[in-house]
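Visitor: I have a protein model to look at. Please take me through it in short steps.

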Amino acid sequence: MSLKIVECPRDAMQGLHTFIDTDVKISYINQLLKVGFDTIDFGSFVSPKAIPQMKDTREVLAGLDLSATTSKLLAIVANARGAEEACGHPEIAYLGYPFSISETFQQRNTNASIADSLARTAEIQELCLKHNKTMVVYISMAFGNPYGDAYSPEIALKWSEKLAGELGIKVIALSDTIGSATPELISDLFASLIPALPGVEIGAHLHSVPYQVHEKVKAAYDAGCRRFDGALKGFGGCPMAKDDLTGNMNTELMIDWFAQNNVDTGLNHSELQNSLLMASATFPG
């Protein structure tokens, strides 16, 4: 499988307290669409009370110019109601759902137990199949949690196998929600899961401080991962996790590692530089 880079402006923006104007979001995402990323995680159909930064996702979608891009659009949903709305937009290819293997975090993030979340996943997958969408399930807290809930790599494997085997999920992203994963754990988990689920695309949605990005990318790539999520400049993090957030993996640092190791990204580097400049102007601080 060729390398896929998923750029996540939604994840970069969602936890910010200062609202980014809709026109600014549209301009920024339209610039990202010129770079050649496989997918743009652009917005979410969730409660505006829960994630106020994403209350304008519909308006943002309406303003995107998809006429000359190869990038596909991904939207996050938290329940069947959001999935139904997302499925009504033919421009959206992927629906993402955060499935936490930490009971505490699942309650905090989607106000549901893990058992409830499994039922929601089944409902959303049914809608995706009906409307020719692909569901992406994020296994959040896949590398541990700060709440004292039980964790082991075997738990992450068990749930991934259950989602793929029972519900037919074809894309699973192992998510390091709080930046706790070590290269060793990343390597072990991907090296175990990828051969166990040969028909499933296994992605990496890792959070990291900048100086650890290269070693984490290397660990996942060497273990067979070919789908990587990131955010330019490393902005973002999950607002439902905790206050001292670790940002997303810096996309530009991931790209640097791929370039140093002769891995073709297929990206337009001129438009990437334009996007980096716009990222600095788009995000406060």
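Visitor: Leaving aside neighbours within four places in sequence, which residues is Phe42 in contact with?
Guide: This is a predicted model: local features need pLDDT of at least 70, side-chain atom pairs count only at pLDDT 80 or more, and totals for chains, interfaces and linings use all residues. Residues are numbered from 1 along each chain as its sequence is written, and side-chain values use heavy atoms, with hydrogens and water left out. Contact means heavy atoms within 4.5 Å. Phe42 then touches Pro9, Arg10, Ile29, Thr57, Val60, Leu61, Leu64, Leu73, Leu74, Ala75 and Ile92.

Visitor: Which residues include the members of the second, separate core?
Guide: A nonpolar core is a set of buried Ala, Val, Leu, Ile, Met, Phe, Trp, Tyr and Cys residues joined through side-chain atoms within 4.5 Å. The second core has seven residues. Among them are Leu74, Ile76, Val136 and Tyr138.

Visitor: In the largest nonpolar core, which residues touch the most other members?
Guide: This core holds 84 residues. Those that touch the most other members are Phe42, Phe99, Phe143, Leu174, Phe190, Phe228 and Phe258.

Visitor: Is Arg10 buried or exposed?
Guide: Arg10 is in helix α1 (residues 9–13). Helices (H or I, at least four residues) and strands (E, at least two) are DSSP runs, numbered from the N terminus. Buried means under 20% relative accessible area, exposed over 50%, partly exposed in between (1.4 Å probe, protein chains only). Arg10 has 7% relative accessibility, so Arg10 counts as buried.

Visitor: What length has the polar contact that joins the side chains of Arg10 and Asp41?
Guide: A polar contact is a pair of N or O atoms within 3.5 Å; within protein, one must be able to donate a hydrogen and the other to accept it, and residues adjacent in sequence count only if both atoms are side-chain atoms. Between the side chains of Arg10 and Asp41 there is one of 2.5 Å.

Visitor: How many aromatic pairs are there?
Guide: Rings of Phe, Tyr and Trp (its six-membered ring) pair if their centres lie within 6.5 Å; planes under 30 degrees apart count as stacked, over 60 as edge-to-face and the rest as tilted. By this rule the count is eight.

Visitor: Why is the pair of Phe99 and Trp159 called tilted?
Guide: Phe99 lies in strand β4 (residues 92–100) and Trp159 in helix α7 (residues 153–167), 60 residues apart. Both residues are buried. Their ring centres are 5.3 Å apart and the planes are at 55 degrees, so the pair is tilted.

Visitor: What angle lies between the planes of Phe228 and Phe258?
Guide: Phe228 is in strand β8 (residues 227–230), and Phe258 is in helix α10 (residues 251–260). Their pair is edge-to-face, 5.4 Å centre to centre. The angle between the planes is 70 degrees.

Visitor: Which residue lies over the face of Tyr221?
Guide: Tyr221 forms one aromatic cluster with Phe228, Trp257 and Phe258. A charge sits over a ring if NZ of Lys or CZ of Arg is within 6 Å of the ring centre and within 35 degrees of the ring normal. At 3.6 Å from the ring centre of Tyr221 lies Arg226.

Visitor: Which residues of helix α9 are buried?
Guide: Helix α9 covers residues 213–222. What covers its buried residues includes β6, α8, β7, β8 and α10. The buried ones are Val213, Lys216, Val217, Ala219, Ala220 and Tyr221.
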